[in-house]
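This report describes the secondary structure elements and selected residues of one model. The sequence and structure come first, followed by the text.

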Amino acid sequence: MKIGFSLPQYGSQARQGAQVARFATEMERAGADSLWVGERLIAATNPKVGYGGKDTIPEEFNSILDPFLVLGIAAAVTERVLLGTNVLIAPLHRPALLARSLTTLDVVSQGRLLPGFGIGWSPEEYEAAGVPFTHRGARLDETLDALEAIWTSDPAGYEGRFVRVPEHRNELTRAQRPPIYLGAFNPAGLARVGRRGDGWLPVVPVPGPPGWGKQLLTLRSVVDQAARDAGRDPQAIDTIVRVNVAAGTDPALVASTIEQVAADTGFEHFFIDLLYVADSVDAALDTATGLLGRLRD
């Protein structure tokens with residue numbers, strides 16, 4: 001089983017941003033397999049849409065660090081761990097700029113990048129980025145098309161309805177063609193994973209309802225069918241499970257949930273989000289190393 005953790009990026013951990021490098025170094029030394037960032041642009045004071053089906057936004061999102069810079073710091077001080085984004089809100093970014101940042105991370109890390117993308121949920125974030133909130137799915141698809149063109153051709157260019165990248169030279173040798181992971185739960189998003197994704201990024205809440213692993217298998221069946229319909233091999237599509245841990249949760253419950261979901265699904269890579277669990281980098285390190293010990297015993 002592979003186990004990863006979120007990097008210090010939000011809330012009180014973000015206010016200790018000078019400790020990002022130490023966290024990454026110590027987690028690699030402790031045996032973590034992956035380190036992750038997410039993306040929030042702004043936390044609206046009067047949101048039209050709240051987070052996670054609620055009408056509010058968590059106060060932890062009031063303090064945020066840039067995902068590219070945080071992951072770049074981690075890349076510079078580590079040698080082995082995979083470096084993931086779960087998720088970047090792809091339509092907020094101009095594809096050429098997004099490709100430049102991700103290519104830089106891939107080159108610096110020597111091919112350890114696992115870029116994950118989604119469409120987001122906040123109208124205010126789209127407004128702040130100067131991007132219409134409508135047609136988010138289409139914008140995501142075109143952004144992925146543009147990234148694919150940039151990463152696989154030279155000269156490279158792309159022309160779509162919403163996205164355009166002029167033809168340009170693209171001589172930088174990358175360590176890899178970065179895989180494309182997608183966060184998705186609704187039918188359209190799951191079908192997109194099956195049609196074009198290299199990996200799927202589902203979520204497990206802890207605490208959560210019993211039988212969550214079986215629900216994930218039901219969702220994964222949609223991905224697999226879409227892959228077969230597109231003439232793809234479903235087994236070639238990876239799954240990395242994000243574990244969202246509620247504040248005050250006993251680490252023993254986190255470990256047992258991961259073990260149960262792994263047993264029910266066969267999924268082998270989990271990353272644990274410590275956003276709500278630890279109010280300092282030291283506390284995050286203590287929690288993470290303790291969970292590694294439980295899960296590796």
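The buried residues of helix 7 pack against helix 6 (136-152), strand 7 (181-182), strand 8 (199-200) and helix 8 (212-229). The model is predicted: local features need pLDDT of at least 70, side-chain atom pairs count only at pLDDT 80 or more, and totals for chains, interfaces and linings use all residues. Residues are numbered from 1 along each chain as its sequence is written, and side-chain values use heavy atoms, with hydrogens and water left out.

Helices (H or I, at least four residues) and strands (E, at least two) are DSSP runs, numbered from the N terminus. Within helix 7 (residues 187-196), the buried residues are G189, L190, A191, R192, V193 and G194; buried means under 20% relative accessible area, exposed over 50%, and partly exposed in between (1.4 Å probe, protein chains only).

An open sheet is formed by 10 strands with parallel pairing, in the order 9-11-12-1-2-3-4-7-8-10. Two strands pair if DSSP finds at least two bridges between them.

Strand 11 (residues 241-245) runs parallel to strand 12 (residues 269-273), and 4 bridges join them. V243 is opposite I272 in strand 12.

L102 is located in helix 4 (residues 95-109) and is buried, with a relative accessible area of 0%. Neighbours within four places in sequence aside, L102 is in contact (heavy atoms within 4.5 Å) with F68, L88, L113, P115, F117 and W151.
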